[in-house]
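Dear colleague,

Please find below the structure that I am handing over to you.

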Amino acid sequence: MTQPNAAGTAKDAADQNFDYMFKLLIIGNSSVGKTSFLFRYADDSFTSAFVSTVGIDFKVKTVFRQDKRVKLQIWDTAGQERYRTITTAYYRGAMGFILMYDITNEESFNAVQDWCTQIKMYSWDNAQVVLVGNKCDLEQDRAVTQERGQRLADQLGLEFFETSAKENTNVKAVFERLVDIILEKMSDAPEDANDSNPNTNPYSSAAGKYTKDTTKLRATDPQPQGNNCQC
């Protein structure tokens, strides 16, 4: 098993030289592969030995997109219902969501609409969402066709990818596209100096939410729960 690049992750977390910090959440039913997906992207590692995430955990990665240095704070959430109250507390302030289902699990696909409702209830109106059908390497066990995934994404107004954390298929592409969408929305949004409320004007510079001086993880923000067990 490839070991996570702990030194690289720590360096990213400590780095304060960035143009923006984006808080991203990976959500979806339990066992759809959220933790494996995050570890593949952040550490380029994969193992099938993860157990269910307890509460929430996060990793930090810095990327360059559209001539901007963007620090990503990526939160891995527990999919079990008993942790829902904990995880929805982290929706506040999230600029982007990766909404994931397992292509071999019909139930996880059917739950996508409910997860969208959770996003609408607990996040900003302008939070960006990408729908991801994970585990596309398990074609022989497929329960949800790519066409159905694309059709649902179209109905919900979301961009869609099929991915495999195991085979490293489209993992980087998902994060890059989500960051690009957020940057595009930020550049398109009119600045309203009279509206400093990040809940109503999240893309305005007046909100101050996305500058390097105001997007550090604060002591008042919810802190990771549990013991870093993964799903």
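One definition is needed at the outset: the rings of Phe, Tyr and Trp (its six-membered ring) form a pair if their centres lie within 6.5 Å, and planes under 30 degrees apart count as stacked, over 60 as edge-to-face and the rest as tilted. Phe 37, Tyr 41 and Phe 175 form one aromatic cluster. Please note that this is a predicted model, in which local features need pLDDT of at least 70 and side-chain atom pairs count only at pLDDT 80 or more, while totals for chains, interfaces and linings use all residues. Residues are numbered from 1 along each chain as its sequence is written, and side-chain values use heavy atoms, with hydrogens and water left out.

Overall architecture

The chain has seven helices and six strands; helices (H or I, at least four residues) and strands (E, at least two) are DSSP runs, numbered from the N terminus. Read from the N terminus, the order of elements is α-β-α-β-β-α-β-α-α-β-α-β-α. Of the 231 residues in the chain, 50% are buried, where buried means under 20% relative accessible area, exposed over 50%, and partly exposed in between (1.4 Å probe, protein chains only). The chain exposes about 11,000 Å², of which carbon and sulfur atoms supply 45%; accessible areas come from the Shrake-Rupley method with a 1.4 Å probe, and for residues only the protein chains shown count as cover. Among contacts (heavy atoms within 4.5 Å) with a separation of 6 or more, 75% are between residues 24 or more positions apart.

The nonpolar cores

A nonpolar core is a set of buried Ala, Val, Leu, Ile, Met, Phe, Trp, Tyr and Cys residues joined through side-chain atoms within 4.5 Å. The largest core has 28 residues, and Phe 22, Leu 72, Ile 98 and Phe 175 touch the most other members. At least two residues of this core come from each of strand 1 (20–28), helix 2 (34–43), strand 3, strand 4 (96–102), strand 5 (128–134) and helix 7 (171–188). Helix 7 gives the largest share, nine residues. A second, separate core of 25 residues includes Ala 94, Cys 116, Ala 127 and Val 144.

Which strand holds Leu 72? Leu 72 belongs to strand 3 (residues 68–77). Its relative accessible area is 0%, so Leu 72 is buried. Leaving out residues up to four places away in sequence, Leu 72 touches Phe 22, Leu 24, Tyr 41, Lys 59, Val 60, Lys 61, Val 63 and Val 179. The C-alpha atoms of Leu 72 and Lys 59 are separated by 8.1 Å, and these two residues are 13 residues apart along the chain. With the same exclusion of residues up to four places away, the contacts of Phe 22 include Leu 72, Met 95, Val 179 and Ile 182.

Aromatic pairs and charges over rings

The count of aromatic pairs comes to eight. In one of them, the rings of Phe 37 and Phe 175 have centres 5.6 Å apart and planes at 25°, so the pair is stacked. Phe 37 lies in helix 2 and Phe 175 in helix 7, 138 residues apart, and the pair thus links distant parts of the chain. Phe 37 is buried at 0% relative accessibility, and Phe 175 is likewise buried at 0%. Trp 75 and Tyr 90 form a tilted pair, at 4.9 Å centre to centre and 45° between the planes. Because Trp 75 lies in strand 3 and Tyr 90 in the loop between helix 3 (84–88) and strand 4, this pair ties together parts that are 15 residues apart in sequence. Trp 75 is buried at 1%, and Tyr 90 at 2%.

A charge sits over a ring if NZ of Lys or CZ of Arg is within 6 Å of the ring centre and within 35 degrees of the ring normal. The charged end of Lys 23 sits over the ring of Trp 75, 5.7 Å from its centre, and Lys 59 lies over the face of Phe 39, at 4.4 Å from the ring centre.

Helix 2

How many residues of helix 2 are buried? Ten of its ten residues are buried, and the helix is mostly covered. Just after helix 2, Asp 44 takes a positive phi of about 50°.
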